[in-house]
Amino acid sequence: MAKTLLFAAAISIVAATTTAFGDEVPGQFSDEHAAIGKRNGVSYRIGPIDPDSVTVSAPAPSPLPSVSPSPVASSGGTSGTVGSGTQPDLAGLSAALSAMIFGKDRSIMEAQAGMTDLLEGESDFYWGGFKVWNSKPEWKDGAFQIAAGLPTVTMRAPLVRLPVGPVTLAVDAGVAAEANVTAKLAPLISLPIQFTSVKATLEPDVSASGFIEGYAQWLIIRAGIGGELELIRADAKVSGLVSFGAYPPTFAFEGFLNLLAGKIYGFVDYFNLFGWKWKRALQPVFANWKGKCIALSKTTGGADPCAASTP
Amino acid sequence: MRGLYALIVFSAIFVAGLVRQGELDSRGTADRTPASEAPRNAKESALEREPAAAANATVNVPGDERWPSTGERWIYRFERKASAEFAGKPWLRLSVGGRVAVEPTESAGSTTNGDSRYYLLSFQVDRLEMQGQSRYETIAFPGVRIELDGADHPRELRFVASREGKTAVVSDEEADFVRDLAAQWLFFEKRTRIGEGEVEWSSASGGKLVTKRILRYPARPEITKLDSNHEWALGGDASGKHVERIEGVENFRLAANGGDFVQATSYRWVWTATERLENKPKLALGNAFAVDGVSATAGEGLRAKPDPARVARDWPKLKDLAPHARLKLFRDAKRALDAGANELVSLILKDLRGRASTSVEWRTGVGALASTSNPQAAAALLALYREPGRTTDEKLSILSGVAAGEGAPAPEWKPAFEAALDSAPANPATSPAETAEARANGFDPQNDPEAALREASLYALGSSIRKETDADRRTALEGVLWNEVKEARTEKAQTAVLEAIGNSGSGEYLSYVKESLATGTPRVRAKAVGAVRFLASDLAQPVIEKAKADPAPVVRKAAEWSAKFQAAAAPDPDE
């Protein structure tokens, strides 16, 4: 009962302050490069929960008269279905990050925060491809709130063998990632349920690095491959209105994404006996990527978030 | 690629030019005397070889005959040769000669157990030869203290100071050389400088001549041909018993693009004298090291161990580091822990105190303990979970680490999982009426900490099954999950166990997965196809193919998702 009253209060407050959202922006960002003959890259997707990825049910019959919704200008995002006979049972926002290392795609993070058609907050996380705890959103100040700090992880890519000079090395490669995800879901109740909107924000603060290491020492020569590849530094926030099928979602972004900066190199050393030390014979550079920053919006005053970001 | 190999040929010529130029350096603590063109002791330069004896399959040398007795020092002349060839052309050729002393010593510095014995190896080079040029100069290297356990196996190797009272600072090159020589003396160990080999033993002359042949290095499939023969001979004279000789040859070939790389190495130690000692030397100790010198994780391909001291110095600055620098420090910490740097465990635990579970220090520290194969770290993570006063959010975060981290969990997690699974109902209320009734009875199924811990424990249990290498412990964990499978009746409970099955990567539950795909709700069917994503391809593909034809979009989407994981695990057709 108390929660229903809170929802009613939320309706009146939010209806008075609803603002139009920004221009159409892409919901997916990706980049890739080839190094040593294999593809390496990163893909980052953020936006409304895909209705096809949640279960769909027939709308429940409403005992109350319908409340006519105010039309919201559609400005990009996925198209919804107005007044259809089915509805998704979860409306909210999702983010996903994956990396391709030596041609193999690895899921790093999949996060989803939404509200069910039973008016409960729900979140879902896969971290490194494994299901981790469902953070139960806390109801506070008229919204469900989620703060999920995920323990830093490493994920190994399958071993590859690469020639470095005269030696073929078994190379250990993979990804290390850290993330802190916050989300807020404020319901704007209308009946029937498909006309309910959720004012949602999702901010997955995530960084991931690729690592490539290989080393062999054969008494008098040694060879190695090394490199750091900054896959992504994302300080992105998406905000929008999503519904249970009655309206297309509208959303906008803030922040920046820094993608793909780094260097992969090899080396071959021989042992100089008279100097009693290793001397470099070869140092081929296999890849040298400057990186790309995508500004998702400008901050107040017109500052470019990429200029302020730390690569 | 042609350009790369042209560069190699050029560099071989360049190498030869550098050698003729003759650079000298004086890094590290090795003591050097001026070089000369003539050998100092011509008598010691002549080495003789005994003929090989008939072989049998057993190794039969009493352990106490391999080491000098109290008051004795065994002196040897050694020679080490190596040459490398690429694509049929000579690339590098060198040899060193000198003297080695082996003697008992007392424990000093850190000790482990009461049954330990200690020996000192001291090395001195007096002849260098490279690409046909010779030099005669004396270089004394930091000695090595070997600690043996009661079964005569090396427990620890540690550098000693070159001068009494001075801490040893050993350069990488000195360390490599000393490790190589120590590996020759530690003849009876299977693990060599290159890695652990499959070994064939034989002995003759009543056990006084032992031969070790390395047949292959399982972790080094790139070694296409290996010619290995190592001998250890026991002798004696009026001065007493001693190891008479150790001698070995190790030639191998690596296939490479553009031509094979061939390296030929040999070593020979010949006993020259036994000296009597009045006192055991007192030692100042330096860092410990392993004979193989590389990080103790699976196979080749990793660089030398990161410095735990540097990790410890930088760890308190975690929050101030840029994200990628922090991730690099995290990886260095993981590799140092994997290599046995147990001191980092207490450092990380100390840094976690008082931190919020969403703080960068907590997330990185818990992640490090959960990612490593270090058993002490695994035990510490469980102890952290069980600490009195640990909040639900902190416990959930630790369970997330167990679910997602690469490290094998401590065996004692099983009772912790069972306690969490017993603390809340397996089939929580789902309908509004059931939820209202539960809340009226003082229990909120949506916000119950025990329910959250139960679910998180289920996911961590699944991952623990995947990571557990002991067959009996794995079977026991699978049994715990089977009990949950049998109890799951509601959609919510079924999806939770299917998520746990997905984390496990175990085909043990395939029958349940197939049944769920055939009879479950759309959400259950979607979780069922997701649960096969880490299975072997022949088990997963039929489930995925069936789900691709499911009428519900959510199931078809889940099939695509599961197929992506299968594609990532599939072998590369190019390899």
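A disulfide is a pair of cysteine sulfur atoms within 2.5 Å. This is a predicted model, in which local features need pLDDT of at least 70 and side-chain atom pairs count only at pLDDT 80 or more, while totals for chains, interfaces and linings use all residues. Residues are numbered from 1 along each chain as its sequence is written, chains are lettered from A and ligands numbered from 1 in the order in which they are written, and side-chain values use heavy atoms, with hydrogens and water left out.

Select Cys293(A) and Cys306(A) to begin: a disulfide joins them, with an S to S distance of 1.9 Å, and the torsion about the S-S bond is about -90°, so the disulfide is left-handed. Cys293(A) lies in strand E18 (residues 292-295) of chain A and Cys306(A) in helix H2 (residues 305-308) of chain A, so the pair ties together parts that are 13 residues apart in sequence. (Helices, H or I, have at least four residues and strands, E, at least two; both are DSSP runs, numbered from the N terminus.)

Next, select strand E6 (residues 104-116) and strand E7 (residues 121-127) of chain A, which run antiparallel and are joined by seven bridges; two strands pair if DSSP finds at least two bridges between them. Across this pairing, Gln112(A) stands opposite Asp124(A) in E7(A).
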